[in-house]
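Dear colleague,

I am passing on the structure that we spoke about, and my notes on it follow below. Please read them with the model open beside you.

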Amino acid sequence: MRSKRAGRERGENGPWVDAAGALANADGGIRARLLAGETANFSDRELLEALLAFGSGQKAKARRQAKTLIERFGTLGDVIAEDTELLLETRNVDEEIVLLFRLVQSIAVQLTRNRVRQRHAISSTDALIDYCRVALSRLRVERFLVLFLNSKNMLIGETRIEGTVDHAPVYPREIVKRALALNASSVILVHNHPSGDPTPSLADIHMTEKISSIGALLGVRVLDHLVMGRSGHVSFREQGLLGRQAAE
């Protein structure tokens with residue numbers, strides 16, 4: 001007789017889940033459409049329900065969870081990127097579900113980052129914006145990214161600086177020092193505004209000017225500074241906020 005454990009996998013802290021058949025417990029229409037290769041025209045709630053059903057193998061529970069999460073946090077993206085503590089405060093949400101969301105989030109960031117790595121960063125603006133949006137736009141704290149580019153404007157390195165709800169500690173000399181260590185010719189600066197409004201602050205402008213000035217002395221150009229919000233972004237380059245050295 002076949003063991004009940006055959007064809008199953010176990011999370012380190014979770015119950016036994018039929019990994020192969022779990023998605024079948026989601027709505028049959030969603031399953032058929034996914035297996036047919038359809039990746040569009042799903043509602044946020046449908047996709048979240050299918051994801052949760054895959055994680056738990058329980059259709060009814062997944063449906064309730066998806067409804068609760070969408071009603072509380074908004075979109076699918078908001079749910080996936082939500083703060084861990086707030087997710088765990090939600091009824092029927094445990095660490096296994098949060099881990100599932102973090103896995104999906106990490107996959108999305110990696111996929112969009114790979115698109116940037118494989119292309120000319122400046123000419124592939126859409127890929128760059130997609131990556132920055134996935135990585136930053138829904139965070140509740142400020143995060144600062146520095147993307148280091150070679151002479152062909154290809155991504156060769158990245159530095160992340162974690163901050164608080166309204167500030168990330170950025171040290172211009174350290175950024176330029178790191179660029180020189182990587183033999184980078186230029187950098188793109190990116191950070192988010194947890195408030196959701198991407199309008200650059202005076203502090204953003206002054207900090208960018210300082211990095212640009214120090215970099216210009218050592219042959220490192222600031223090609224752009226992107227400020228990400230929930231509904232859009234602002235490009236310093238497009239707004240003419242970078243100064244003469246970046247435009248030359």
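What share of the contacts in the chain with a separation of 6 or more comes from residues 24 or more positions apart? The share is 58%, where contact means heavy atoms within 4.5 Å.

Please bear in mind that this is a predicted model, in which local features need pLDDT of at least 70 and side-chain atom pairs count only at pLDDT 80 or more, while totals for chains, interfaces and linings use all residues. Residues are numbered from 1 along each chain as its sequence is written, and side-chain values use heavy atoms, with hydrogens and water left out.

The chain has 11 helices and seven strands (DSSP runs numbered from the N terminus, with H or I of at least four residues for helices and E of at least two for strands). Of its 248 residues, 40% count as buried, that is, under 20% relative accessible area, with exposed meaning over 50% and partly exposed in between (1.4 Å probe, protein chains only).

Leaving aside neighbours within four places in sequence, Leu 189 is in contact with residues including Phe 144, Val 146, Ile 211, Asp 224 and His 225.

In helix 9, the buried residues include Asp 204, Met 207, Thr 208, Ile 211 and Ser 212. The 16 residues of this helix should span 22 Å at 1.5 Å a residue, and its end C-alpha atoms are 23 Å apart, which agrees; the expected span is 1.5 Å times one less than the number of residues. Gly 219, which follows helix 9, has a positive phi, near 80°.

Helix 7 (residues 125-136) reaches 16 Å from its first C-alpha to its last, close to the 16 Å expected for its 12 residues, and its buried residues include Leu 128, Tyr 131 and Cys 132.

Finally, Leu 103 is found in helix 6 (residues 95-117) and counts as partly exposed because its relative accessibility is 49%.
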